[in-house]
Amino acid sequence: MRLILLGAPGAGKGTVAKLLTAMDGSVQISTGDILRAAVKAGTELGKQAEAAMKAGELVSDDLIMGIMKERLQEADCKNGYLLDGFPRTIPQAEALKVLLADISDKLDGAVNLNVPRDVILDRLTTRRTCTDCGAIYNVKSNPPKVEGKCDKCGGPVVQRDDETEEAISNRLDVFNKQTAPLVGFYEKEGLLLDINATSSDAVVEAIKAHLAK
Ligand code: AMP
């Protein structure tokens with residue numbers, strides 16, 4: 001399957017992507033994960049992205065399109081992909097349309113995960129992430145067995161720099177201004193699937209039903 005996962009930070013895009021990739025061998029492509037790895041490794045890309053990320057702002061469309069042009073042509077994309085956190089602006093969506101036509105790929109849909117703002121705020125302030133493998137935990141509902149230590153790889157489990165209350169509030173404003181208009185964009189393209197996303201399992205079922213049509 002080839003899907004775009006749209007939705008505010010904390011809507012569950014990463015969780016849903018992981019459940020879907022386990023179904024059919026498609027890959028999750030998270031621009032946020034790619035950028036965080038670049039920042040951690042201290043690469044040129046990481047240096048260019050770091051300040052915007054810390055503040056909860058978007059990094060430039062050119063930088064993102066440079067990453068995605070290469071990534072979508074890697075061999076593991078042949079079985080399909082779930083785009084998590086990309087596109088995030090109308091110019092990125094337009095550039096993606098051109099890129100997909102160039103490489104003769106066709107999307108199966110753009111899934112909009114709708115979650116109420118209070119649920120999002122609660123999820124993001126309690127979310128913790130392993131800085132080594134990216135595994136996601138929640139201090140209330142799914143803490144690591146040993147505090148601060150990843151169950152999967154033993155790496156440090158911390159609150160992301162951009163998950164302080166101030167950065168979260170900025171990320172939600174940025175989402176409403178720059179990313180929410182993508183819902184209308186994909187509706188016009190005839191690709192939109194709008195889902196109430198309070199439960200990740202229900203989202204997966206709705207996507208499966210959509211793909212079976
Ligand atoms: P995420 O993990 O998807 O919430 O992304 C974390 C941060 O990475 C965002 O707040 C942005 O600063 C940056 N980022 C990730 N994806 C994009 C994108 N498609 N366009 C611009 N910035 C992005």
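A polar contact is a pair of N or O atoms within 3.5 Å; within protein, one atom must be able to donate a hydrogen and the other to accept it, and residues adjacent in sequence count only if both atoms are side-chain atoms. The model is predicted, so local features need pLDDT of at least 70 and side-chain atom pairs count only at pLDDT 80 or more, while totals for chains, interfaces and linings use all residues. Residues are numbered from 1 along each chain as its sequence is written, and side-chain values use heavy atoms, with hydrogens and water left out.

Select Arg171 and the ligand: a polar side-chain atom of Arg171 lies 3.1 Å from an oxygen atom of the ligand. Next, select Arg36, where an N or O atom of the side chain is 2.9 Å from a ligand oxygen. The protein covers 97% of the 480 Å² of accessible area that the ligand has on its own (Shrake-Rupley method, 1.4 Å probe).

Now show the shell of 16 residues around the ligand, of which Thr31, Arg36, Glu57, Gly85 and Gln92 come nearest (a residue counts as near if one of its heavy atoms lies within 4 Å). This shell has six nonpolar, four polar and six charged residues (Ala, Val, Leu, Ile, Met, Phe, Trp, Tyr, Cys and Pro count as nonpolar, Asp, Glu, Lys and Arg as charged, and the others, Gly among them, as polar). Helix α2, residues 31–41, gives the largest share, four residues (helices are DSSP runs of H or I with at least four residues, strands are runs of E with at least two, and both are numbered from the N terminus).

Thr31, Ile34 and Leu35 of α2 make the contact with Ile64, Ile67, Met68 and Arg71 of α4 (heavy atoms within 4.5 Å).

**Two loops**

Select Phe86 and Pro87: the peptide bond between them is cis, with omega near -5 degrees. Pro87 is in the loop between β3 (81–84) and α5 (90–102). Finally, select Ser104, in the loop between α5 and β4 (109–114). Phi of Ser104 is near 55 degrees, a positive value in a residue other than glycine.
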